Amino acid sequence: MIYFLVGKMIEGDSPSQERILNMSKRKFGDRKDARRVRDLDGLHCIMMHIMPKRTEAEVYLEFPMDVTDLLPYIEEKNRLHPEYKTTIFHCLVTAVARVVTMRPYLNRFICGRKLYERNEISLSFVAKRRFVDHSEESLMTLIAKDDMNLDYVTRKIVGDVKELRESRGNNDFDGVINAIGSLPNPILHLFIGILQRLSASGHLPDVLTQGDTNHTTVLLSNLGSIQCPCCYHHLNNYGTNSILITVGVLKKELKVMPDGSTQPRHILTLGFTADERIADGFYFAKSMKLVEYILQHPQLLDVPLKEEIVYDR
């Protein structure tokens, strides 16, 4: 399932102070959307030449996460604010944004055998207008801000999805993609080739990258919303996206606790696909463990991204 150039930026987002600082320090060889990482060891330099394509360097991991303690927290949130229904997916989006903030290697990508780190953190996901086979899908992108927390994420996603489902027309990118798709095959092939080269060099115009999930830090696919388990999902060579997370169905399972007892717990399994060239397996595994830790201590979701959190390392 390849999502290409069809998307919607969630309104009201603006660059963080950190992004503005990065942009002001732009050096020769940097891209407009990222700075080049130059202090690389020999192994990582070689890996970019041995595996020049993102799809050649995919790693896939499954993470079952205990979210039992998260459920009463969500219930209390929804009791206090019934106009904005918080979901597990909203909590996961917030937790992932927090972890990427704390672990910046996750915000990297490789293009043209060069390693870059983005100027901003962006998370994207899919929203269907209706849950029927032929319903249209729109892709949405959320830019992380310094004051972002769970309440911020919930209001942004709920408001924007509601606006999408109540709207009758297509968004601007739908018109663009329909126009491109109507081109004759030889012209379309040439046009896509030009886009791929511009994307690799960082010269795509903003109108073709803003709202495109292929140019975001993490793409999340909420398969649990359609009662589907998490699964492996490939990355794309086009664009800069290096991490894709699929979210499965919430299940109740018996789990052995630290004291040796067995308890029924609510388990959410995530499928995690990443470009292994941006970090090693230990870094990825530790990052996902931190996502689980935040979901198990949901009060951390209320802390804005600009504030550090204290956690058991």
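Author: The mean pLDDT of the protein chain is 85, with 83% of its residues at 70 or more; pLDDT is the predictor's confidence in each residue, on a scale from 0 to 100. Because this is a predicted model, local features need pLDDT of at least 70 and side-chain atom pairs count only at pLDDT 80 or more, whereas totals for chains, interfaces and linings use all residues. Residues are numbered from 1 along each chain as its sequence is written, and side-chain values use heavy atoms, with hydrogens and water left out.

Where pLDDT is low, the predicted coordinates should not be read in detail.

Of its 313 residues, 49% count as buried, where buried means under 20% relative accessible area, exposed over 50%, and partly exposed in between (1.4 Å probe, protein chains only). Among contacts with a separation of 6 or more, 73% come from residues 24 or more positions apart.

The largest nonpolar core has 58 residues, and those with the most contacts inside it are Leu70, Leu220 and Leu295; such a core is a set of buried Ala, Val, Leu, Ile, Met, Phe, Trp, Tyr and Cys residues joined through side-chain atoms within 4.5 Å. Helix H4 (residues 88–102) gives the most to this core, with 10 residues. Not counting residues up to four places away in sequence, Leu70 touches Ile88, Cys91, Leu295, Pro298 and Leu301.

Rings of Phe, Tyr and Trp (its six-membered ring) pair if their centres lie within 6.5 Å, with planes under 30 degrees apart counted as stacked, over 60 as edge-to-face and the rest as tilted. By this rule the count comes to 6 aromatic pairs. The rings of Phe89 and Phe125 are edge-to-face, because their planes stand at 80 degrees, and their centres are 5.8 Å apart. This pair links distant parts of the chain, since Phe89 belongs to helix H4 and Phe125 to strand E6 (residues 122–128), 36 residues apart, and both Phe89 and Phe125 are buried. In contrast to that edge-to-face arrangement, the rings of Phe109 and Tyr116 have planes at 25 degrees and centres 5.5 Å apart, so the pair is stacked; Phe109 and Tyr116 are both buried too. Ring pairs also link Phe63, Phe272 and Phe284 into a cluster.

Ser287 lies in helix H8 (residues 281–296) and is buried, with a relative accessible area of 2%. Leaving aside its neighbours within four places in sequence, Ser287 is in contact with Val99, Arg103 and Leu106. With Arg103, the side chain of Ser287 makes a polar contact to the side chain at 2.7 Å, a polar contact being a pair of N or O atoms within 3.5 Å in which, within protein, one must be able to donate a hydrogen and the other to accept it, and residues adjacent in sequence count only if both atoms are side-chain atoms.

Asp66, in strand E3 (residues 58–66), counts as buried at 4% relative accessibility. Asp66 and His266 are 200 residues apart in sequence, yet their C-alpha atoms are 5.9 Å apart in space. Beyond its neighbours within four places in sequence, Asp66 is in contact with Lys255, Arg265, His266, Ile267, Glu292 and Gln296.

Arg113, in the loop between strand E4 (108–111) and strand E5 (114–118), has a positive phi of about 60 degrees although it is not a glycine, and counts as partly exposed at 40% relative accessibility. Gln227, in the loop between strand E8 (218–222) and E9, likewise has a positive phi of about 60 degrees without being a glycine, and counts as exposed at 61% relative accessibility.

Note on methods
Helices (H or I, at least four residues) and strands (E, at least two) are DSSP runs, numbered from the N terminus. Contact means heavy atoms within 4.5 Å.
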